[in-house]
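Subject: Structure handover

Hello,

Here is the structure I said I would pass on.

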Amino acid sequence: MSEQTSTQNISATANTSGQSAASKRKHKDSIHMGIMLVAIGFFFLLDRMDYLDARDYFKYWPALIAFSGVICVVRAERMSEVLDGFFQIGIGAWLYAVTQHLYGLTFSNSWPLFVIAAGLNMVFKYFVDKPNN
């Protein structure tokens, strides 16, 4: 009986620590999102006050997606999260290439690259997260 009680206590402690870790991560995510919103708002405020011309910087908007991918890679706890981060970095790079017409890429002639990348991401995540049966 004491073994069963100690096992239940251990599993309850593991669930509690798992929930608190998830709660802390969600809290950190919300603070990062808040800081990003303040920075974007400040950027547009400077544009409205004629301190800078926001149109000069709009071509770099895909960098926000790539930057979020870098954050995912750095904060990843599992390999599938690393793959998601690299996927976001790739999407940011692809969006920058098509909006700037690098290498002759446009949305209409390169959308299959996006489909291939999304499929590869799913396949790789399947093999990385595959249960050991």
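Predicted model: local features only at pLDDT ≥ 70, side-chain atom pairs only at ≥ 80, totals over all residues.

H1 supplies the largest share, 5 residues. The lining consists of Met 36, Ala 39, Ile 40, Phe 43, Phe 44, Tyr 57, Phe 58, Tyr 60, Trp 61, Ala 63 and Leu 64. Sorted by class, that makes 11 nonpolar residues, with no polar and no charged ones.

Helix H2. I checked the length of H2 against its residue count: at 1.5 Å a residue, its 14 residues should span 20 Å, and the end C-alpha atoms are 20 Å apart, so the two agree. Which residues of H2 are buried? They are Pro 62, Ala 66 and Gly 69. Viewed down the helix axis, the buried residues of H2 fall within an arc of 55 degrees, so they line one face of the helix. What they pack against is helix H3 (79-99).

Asp 47. This residue belongs to helix H1, which covers residues 2-48. Is Asp 47 buried or exposed? Asp 47 counts as buried because its relative accessibility is 13%, and the cut-off for buried is under 20%. Leaving aside residues up to four places away in sequence, Asp 47 touches Leu 52, Asp 53 and Ala 54.

Regards

Terms used. Residues numbered from 1 in each chain as written. Heavy atoms only, no water. Helix = DSSP H or I, 4+ residues; strand = E, 2+ residues; numbered from the N terminus. Buried < 20%, exposed > 50% of the residue type's maximum accessible area, 1.4 Å probe, protein only. Contact = heavy atoms within 4.5 Å. 1 Å grid on protein atoms, 1.4 Å probe; cavity = no way out; pocket = protein on both sides within 12 Å on 5 of 7 lines; lining within 4 Å. Nonpolar A, V, L, I, M, F, W, Y, C, P; charged D, E, K, R; others polar. Expected span 1.5 Å × (residues − 1). Arc of directions from axis to C-beta.
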